[in-house]
Each structure stands twice: as structure tokens, then as C-alpha cells.
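Dear colleague,

Please find the structure we discussed below. I would be grateful if you could read the notes that follow with the coordinates open beside them.

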Amino acid sequence: MILNLHGLYGTAENTNYRILTELYPVTEICSPQIAYEKRSPYNVIDELYTITNADFIVGNSFGGFLAYVMGAELNISCLLTNPCIPPVKYIRELIPGYPEEFLRELKDLTELAYHKRLHEISCSTFVILGKDDDVLDSNFTKNYLKNAEIHEIEGNHRLSGTTYKKLFEELIRREN
């Protein structure tokens with residue numbers, strides 16, 4: 001089963017979900033709707049950990065951060081599209097008034113996942129970055145995710161188009 005995590009203020013039926021449904025039966029895809037801005041990151045991740053039959057995780061933007069954390073903790077391969085990593089770099093701008101306690105949780109989750117992924121021998125984190133991301137700093141992300149297989153394509157934060165779809169499909173098929 002593939003777990004798909006949408007971005008901040010996004011929807012469960014995002015672009016990645018639509019591509020996945022062209023490749024797999026809907027019954028093989030779990031794509032929950034999550035109000036990240038209203039919930040503790042620990043609460044969100046604990047709820048996601050109850051989805052025990054995921055064997056691959058796709059995450060977009062803030063969902064990419066959570067996919068990264070889950071993949072590291074559960075040793076599951078993941079595909080991240082313009083991931084919001086590390087989220088503490090962006091969160092105050094993206095969610096004004098974000099609680100300090102939630103910010104600390106994001107920092108803890110980031111450090112935990114980063115250290116687990118840093119020592120991987122084989123790559124199990126695939127990343128697609130838009131060269132002209134207008135929300136996140138793709139160069140910072142590229143340098144931060146040292147052990148990821150990174151692919152840069154033309155596009156901004158909301159990736160779409162034939163090039164994106166082909167690369168997305170190729171990376172998904174490689175792992176499944």
C-alpha cells in the first residue's frame with residue numbers, strides 16, 4: 001500500500017494522488033486529509049504510524065517532511081516532492097502564530113529522521129525538486145538531504161506537467 005501525504009493547506013486528492021490512481025487501484029492508496037496547521041506534529045505522526053500496511057510513502061511539501069520522518073523511523077522508502085525540510089526554516093512564515101511547542105516537536109522530529117537517514121548505505125529517499133520553487137529553497141533542501149537521490153526539474157512549488165509525471169512514475173515503479 002502507498003501512503004500519500006499532501007502539503008500544508010492541501011487536499012488528500014492532490015496531484016501526486018491523481019498520478020498514483022493512474023498507476024494503482026485506489027484501494028492500494030491511502031491519502032488522509034490532515035489539518036497540519038491545527039495539530040501537534042507528534043499527534044499527526046502518531047496517527048500516521050497507525051497505518052501499518054504502508055510499504056511506500058509519497059509526500060508533498062509539508063507532507064514530504066512527514067514522509068521523510070516516517071520513512072526513516074519505519075525503514076520505508078519514500079518519494080518527496082518539494083519537501084519542506086527542515087520545516088522550522090519555513091513554518092513561521094507559512095503558519096503565522098504556530099505554537100512554540102509545535103515548533104520544538106518539528107525540530108525534534110527533523111533531527112531524529114536526519115540522523116537515521118544520514119547513515120543509510122542504500123538510498124531509499126527519492127526527491128523531486130522544482131528548480132524555481134517559489135515557496136521553499138530547493139538549493140537548501142538539496143544540500144540538506146545528503147543521502148537522497150535528488151532530481152531537479154523545471155517548475156515551481158506546485159509541480160505538474162509531462163516531465164514531472166514521467167519522473168514521478170519512474171521513481172514509484174523503481175521501488176514497487
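The notes below cover the sheet, the helix lying across it, the aromatic rings and the backbone geometry.

The model is predicted, so local features are reported only at pLDDT of at least 70 and side-chain atom pairs only at pLDDT 80 or more, while totals for chains, interfaces and linings use all residues. Residues are numbered from 1 along each chain as its sequence is written, and side-chain values use heavy atoms, with hydrogens and water left out.

**The sheet**

Six strands form an open sheet with parallel pairing, in the order β2-β1-β3-β4-β5-β6. Helices and strands are DSSP runs numbered from the N terminus (helices: H or I, at least four residues; strands: E, at least two). Two strands count as paired if DSSP finds at least two bridges between them. The edges are β2 (29-30) and β6 (149-153), each of which pairs on one side only.

How many residues of β5 are buried? Six of its six residues are, where buried means under 20% relative accessible area, exposed over 50% and partly exposed in between (1.4 Å probe, protein chains only). Both faces of β5 are covered, with Thr125, Val127 and Leu129 on one side and Phe126, Ile128 and Gly130 on the other.

Helix α7 lies across β3 (56-60), β4 (78-81), β5 (125-130) and β6, and runs at about 165° to β6. Axes are lines fitted to C-alpha atoms, for helices over the stretch in contact, and angles run from 0 to 180 degrees between N-to-C directions.

Asparagine 16 belongs to helix α1 (residues 15-23) and is buried, at a relative accessible area of 2%. Leaving aside residues up to four places away in sequence, asparagine 16 touches Asn4, Val58, Asn60, Thr81, Tyr164 and Phe168; contact means heavy atoms within 4.5 Å.

**Aromatic rings**

A search of the whole structure finds five aromatic pairs. Rings of Phe, Tyr and Trp (its six-membered ring) pair if their centres lie within 6.5 Å; planes under 30 degrees apart count as stacked, over 60 as edge-to-face and the rest as tilted.

One of these pairs is phenylalanine 62 with phenylalanine 65, a tilted arrangement at 5.9 Å centre to centre with 50° between the planes. The two residues are separated by about one helical turn, because they are three residues apart in helix α3 (residues 62-74). Phenylalanine 62 is buried, with a relative accessible area of 4%, and phenylalanine 65 is buried at 0%.

Tyrosine 164 and phenylalanine 168 form another tilted pair, at 5.8 Å centre to centre and 55° between the planes. Both lie in helix α7 (residues 162-175), four residues apart, about one turn of the helix, and both are buried.

Ring pairs also link Tyr36, Phe62 and Phe65 into a cluster. Separately, the charged end of lysine 89 sits over the ring of phenylalanine 140, 4.7 Å from its centre. That description requires NZ of Lys or CZ of Arg to be within 6 Å of the ring centre and within 35 degrees of the ring normal.

**Backbone geometry**

Most residues other than glycine have a negative phi, and most peptide bonds are trans.

- The peptide bond from isoleucine 85 to proline 86 is cis, with omega near -10°; proline 86 is in the loop between β4 and α4 (91-94).
- Asparagine 82, found in the loop between β4 and α4, has a positive phi near 40° and counts as buried at 1% relative accessibility.
- Tyrosine 9 has a positive phi of about 65° and is in the loop between β1 and α1.

With kind regards
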